[in-house]
Amino acid sequence: MAKLSPSILGCDYLELGKACKVLEECSTDMLHLDVMDGIFVPNISFGCPVIDSIKKHTSIPLDIHLMIDRPLRYIKDFAKYADYLGFHYEAGSDINETLDAIHSFGCKTCLTIKPNTKAEAIFEYLPKCDMVLVMSVEPGFGGQSFMPSALDKLRALKAECLEKGLNVLLEVDGGVNEETGKLCVEAGADVLVVGSALFKAESLSEKAKEYMAL
Ligand code: DX5
Ligand code: ZN
């Protein structure tokens, strides 16, 4: 069974409070929050003030996906809210230092790779990772098509973790729907990030339950 981390990027923000309550009632495992700075990715989303309101409103653990340049500068700010605090391997901060900083604030780490980054590039950091996020689209926008190359990366990461005896959750993000989500779970994904496929559904709670059963 997969864990579900709904991405609110797919939500109507005026309905966000209601959506959080619905997701809390169906016990989704986490809530995925996409922070974009318009530099690391060509889009701007939201930052700490919005996350502060969400944190006050819900008990769902927050899975914060930083798509920002040199994320080490902002770890302290976002650590206040995060259960899992994720940043990109490609974003220009020292990886070990950033992973250590996240742990020093009592959060779990999530090292994230873009579609053009090989899984092997992050093998050396896995001992410090609580979760790894494999992007299955170019980060920046919801509603894109799933890139099947993510499946091989999930398999490679799963095999490496098994071989080294590491307990790292594997998360996948981008273009996940019922069909691609199933393939991801078969390839070793533990956590599915779902944005548009979830929030465009007629019943958010029914759809969330379906994903959690994958
Ligand atoms: C994209 C974000 C995703 C996005 C996924 O950069 O990281 O979390 O919201 O949206 P869908 O599920 O629509 O691809
Ligand atoms: Zn994301």
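User: What makes E4 and strand E5 (residues 108-113) a pair?

Analyst: In this predicted model, 5 bridges join E4 to E5, and the two run parallel. Strands pair if DSSP finds at least two bridges between them, so E4 and E5 are paired. Within E5, Thr112 is the bridge partner of His88. Strands (E, at least two residues) and helices (H or I, at least four) are DSSP runs numbered from the N terminus.

User: Why is the crossover from E4 to E5 called right-handed?

Analyst: The chain passes from E4 through helix H4 (residues 95-104) to E5 as a β-α-β crossover. Right-handed means that, with the strands pointing away from the viewer, the path from the first strand over the helix to the second runs clockwise.

User: How do you know that strand E4 (residues 84-88) is largely enclosed?

Analyst: Of its 5 residues, 5 are buried, so the rest of the structure largely encloses E4. Buried means under 20% relative accessible area, exposed over 50%, and partly exposed in between, with a 1.4 Å probe and protein chains only. Tyr84, Gly86 and His88 are buried on one side, Leu85 and Phe87 on the other.

User: Why does Asp34 count as buried?

Analyst: Its relative accessibility is 4%, and the cut-off is under 20%.

User: What makes the arrangement around the zinc ion (ligand 2) octahedral?

Analyst: The 6 donor atoms subtend angles of 70 to 169°. Six count as octahedral if opposite donors are over 155 degrees apart and all others between 65 and 115. Donors are N, O and S atoms within 2.8 Å of the metal (3.2 Å for Na, K and Ca); water is not among the atoms, so sites may look incomplete. The protein donors are His32 (NE2), Asp34 (OD), His65 (ND1) and Asp173 (OD), 2.0 to 2.3 Å from the zinc ion.

Technical notes. Residues are numbered from 1 along each chain as its sequence is written. Chains are lettered from A and ligands numbered from 1 in the order in which they are written. This is a predicted model: local features need pLDDT of at least 70, side-chain atom pairs count only at pLDDT 80 or more; totals for chains, interfaces and linings use all residues. Side-chain values use heavy atoms; hydrogens and water are left out. Four donors count as tetrahedral if all angles lie between 85 and 135 degrees; four count as square planar and six as octahedral if opposite donors are over 155 degrees apart and all others between 65 and 115; anything else is irregular.
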